[in-house]
Amino acid sequence: MVKNGINLLAFSLAAGLALGQTVPREQILHAMRKAADFYRHKVSTEGGYHYYYTADLSYGRSESAEGPTQVEVQREATPIVAMAYLRAWDATGDRAYLDYARAAAHALLRGQLCSGGWDYLIEFDPAKRHQYQYRADNNCGEDKRGVTNLDDNVTQAAVRVLMRVDEALGFADKAIHEGALFALEKLMAAQYPVGAWPQRFRRPPDHTQFPVKRASYPESWPRQWPGPDYQSHYTFNDNTTADAIDMMLEAWRVYNDPRYKGSAEKGGQFIRLAQMPEPQPAWAQQYDREMHPAWARVFEPPAITGGETQGILRLLMTLYGETGDRKYLEPIPRALAYLQRSFVPRTRAEVFGRIPAGPVLARFNELRTNRPLYITKGSRLSAAGLGNRNVDGYEISYTPESVITHYGVLISGREVAAIEADYRKMATANPASLRRPSKLRALSPWDARQESAARRGLMPEVRQLIASLDERGAWTRMGVIGKADRLVFTYAAKDMVVRIGRGRSDGSAGDNPQAEAQVIPIKENDTVEIYVGAQPPPERLISSADFARNLEYLAAALR
């Protein structure tokens with residue numbers, strides 16, 4: 001009976017929506033303010049945010065930041081929340097949202113480094129801030145932590161927040177305006193002569209040490225990881241240079257300064273120079289100063305990548321749409337043909353057990369031979385105060401057995417067909433019709449299809465979102481946030497056992513007849529964590545990404 005009642009209710013709701021029933025605007029507005037007020041006044045630290053919080057707000061953490069005196073600069077934290085506030089401001093005209101976005105921008109200013117950009121976290125504790133080269137504190141000593149990070153869209157996302165808040169405020173907030181321009185100046189200075197950016201930098205490069213060259217294959221390359229000195233490489237990995245180019249194109253729009261357009265086009269020059277010659281006319285994740293594909297992390301060998309190549313093709317079309325210069329379309333057909341002949345047979349891919357839907361590409365293809373490269377997984381150990389260590393594994397392999405799972409060695413190729421279709425339309429379109437909207441909100445290169453997809457089927461989701469807010473205005477969900485006092489973390493690359501207790505390995509109790517060892521099997525790919533204290537990690541959390549997505553969804557429903 002209950003089941004039939006639920007079905008009848010669902011049918012009635014669907015029928016009502018089909019007849020044009022909508023959620024009253026006042027309900028949406030009230031839910032948006034309730035959620036935003038809670039997040040700004042109860043969740044934020046100095047206007048900034050973590051990835052996750054326990055549902056009772058007793059603890060917050062991110063990938064790099066932790067606790068009540070730090071916030072995270074990666075996109076899933078402070079930047080994505082600021083963008084959601086701006087979308088709510090656009091949709092409602094309610095000044096509170098703009099004030100909340102402004103607070104996030106000022107939080108970012110507190111973490112801006114003297115080198116111009118940001119690292120992963122911002123520290124607000126006065127006793128610890130002296131360790132960092134924070135521009136706001138005029139603390140630019142060489143012995144401080146002050147490396148600008150372009151990896152994972154960190155600095156680029158922070159600059160986008162400052163620019164967009166600056167524009168929304170009519171350029172009236174002097175600190176935000178100057179912070180954005182300072183960052184842009186430093187980023188232009190850090191750009192290599194070839195047009196690329198490094199993964200990280202502290203100061204501008206010596207241009208005499210970085211000649212402009214076209215990409216080529218090295219005569220040989222090391223099969224063993226040479227070490228961690230890769231942060232100065234010309235970097236496409238994690239869309240580092242692509243995000244910087246797209247950010248400069250937006251800066252040109254916001255500030256009408258042709259130097260920013262010039263920087264973006266210089267980045268476009270690097271894309272064209274970095275396209276490898278036949279038989280692999282695509283791109284590597286990173287290049288050394290000789291323009292040879294190079295190692296980065298221990299699981300990122302010199303190779304042609306099926307991942308970043310797709311993002312680069314999208315960016316080339318963006319450059320064409322923004323500039324009207326057809327030279328940016330010229331590399332695309334060769335790269336598309338290469339990707340289409342590089343799909344991995346699904347019968348081979350299925351060894352992994354979990355594979356992307358549709359066509360599959362290898363993330364790494366061996367230079368010249370184009371054979372997929374795989375990285376064997378290894379056991380990892382992290383202990384408080386002792387850092388992280390890979391115990392075994394992390395070797396190059398030509399077979400997909402026992403490969404790393406924390407980093408996809410096979411990726412989806414479904415986007416290739418869409419890229420080709422968009423390229424064909426673009427090649428015959430009027431370039432003037434291809435420019436993006438004057439106001440962008442995405443933190444990575446803007447995609448019109450994502451924008452329209454976010455607005456489909458809004459009303460059923462709106463009802464659910466409003467109903468799921470708790471009395472405070474929080475959206476919560478089940479999950480594992482961990483705890484601040486984690487002592488040990490282990491990733492099992494193979495089947496293992498954990499033994500708890502003082503009994504001998506032969507099963508006898510030894511000197512203590514009351515003690516009996518408990519042996520727990522750990523399966524391959526499982527993790528083991530040990531925390532100090534008797535309280536287990538909480539399992540209900542609040543997510544900044546959830547909040548931002550939900551607030552933007554409600555804002556889209558108003559439009």
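These legends describe close-up views of one predicted model.

The model is predicted, so local features need pLDDT of at least 70 and side-chain atom pairs count only at pLDDT 80 or more, while totals for chains, interfaces and linings use all residues. Residues are numbered from 1 along each chain as its sequence is written, and side-chain values use heavy atoms, with hydrogens and water left out.

**View 1. The whole chain, for orientation.**
The chain has 16 helices and 22 strands. Helices (H or I, at least four residues) and strands (E, at least two) are DSSP runs, numbered from the N terminus. Of the chain's 559 residues, 49% count as buried. Buried means under 20% relative accessible area, exposed means over 50%, and partly exposed lies in between (1.4 Å probe, protein chains only). Take the contacts between residues at least 6 apart in sequence: 73% of them join residues at least 24 apart. Contact means heavy atoms within 4.5 Å.

**View 2. Helices α10 and α11 pack together.**
Two packed helices are described by the angle between their axes and the distance between the axes. Helix α10 spans residues 308-323 and helix α11 spans residues 332-340. Their angle is about 155 degrees, and their axes are 11 Å apart. That makes α10 roughly antiparallel to α11. Axes are lines fitted to C-alpha atoms, for helices over the stretch in contact, and angles run from 0 to 180 degrees between N-to-C directions. Angles under 35 degrees count as roughly parallel, over 145 as roughly antiparallel, 65 to 115 as roughly perpendicular and the rest as oblique. The crossing of α10 and α11 is left-handed. A left-handed crossing has the near helix turned anticlockwise from the far one by less than a right angle; a right-handed one has it turned clockwise. From α10, the contact uses Thr 309, Gln 310, Leu 313, Leu 316 and Met 317. From α11, Ile 332, Ala 335, Leu 336 and Leu 339 take part. The residues of this contact divide into seven nonpolar, two polar and no charged. Here Ala, Val, Leu, Ile, Met, Phe, Trp, Tyr, Cys and Pro count as nonpolar, Asp, Glu, Lys and Arg as charged, and the others, Gly among them, as polar.

**View 3. Gln 310 in helix α10.**
Gln 310 is buried, with a relative accessible area of 8%.

**View 4. Helices α11 and α13 pack together.**
Helix α13 covers residues 415-428. It packs with α11 at an angle of about 155 degrees, with the axes 11 Å apart. The two helices are therefore roughly antiparallel to each other. α11 passes α13 in a left-handed crossing. Ile 332, Pro 333, Leu 336, Leu 339 and Gln 340 of α11 meet Val 416, Ile 419, Glu 420 and Tyr 423 of α13. The contact residues divide into seven nonpolar, one polar and one charged.

**View 5. The disulfide of Cys 114 and Cys 140.**
A search of the whole structure finds one disulfide. A disulfide is a pair of cysteine sulfur atoms within 2.5 Å. In this pair the sulfur atoms are 2.0 Å apart. The link is left-handed, with -75 degrees about the S-S bond. Cys 114 lies in the loop between α4 (95-111) and β4 (121-123), and Cys 140 in the loop between α5 (126-129) and β5 (148-149), so the pair ties together parts that are 26 residues apart in sequence. Cys 114 is buried, with a relative accessible area of 13%. Cys 140 counts as partly exposed, at 39% relative accessibility.

Most residues other than glycine have a negative phi, and most peptide bonds are trans. The peptide bond from Glu 278 to Pro 279 is cis, with omega near 15 degrees. Pro 279 sits in the loop between α9 (258-274) and β8 (286-287). Asn 256 is not a glycine, yet has a positive phi of about 55 degrees. Its place is in the loop between α8 (240-255) and α9. Asn 256 is exposed, with a relative accessible area of 64%. Asn 370 also has a positive phi, near 70 degrees. Asn 370 lies in the loop between β11 (364-365) and β12 (374-375).
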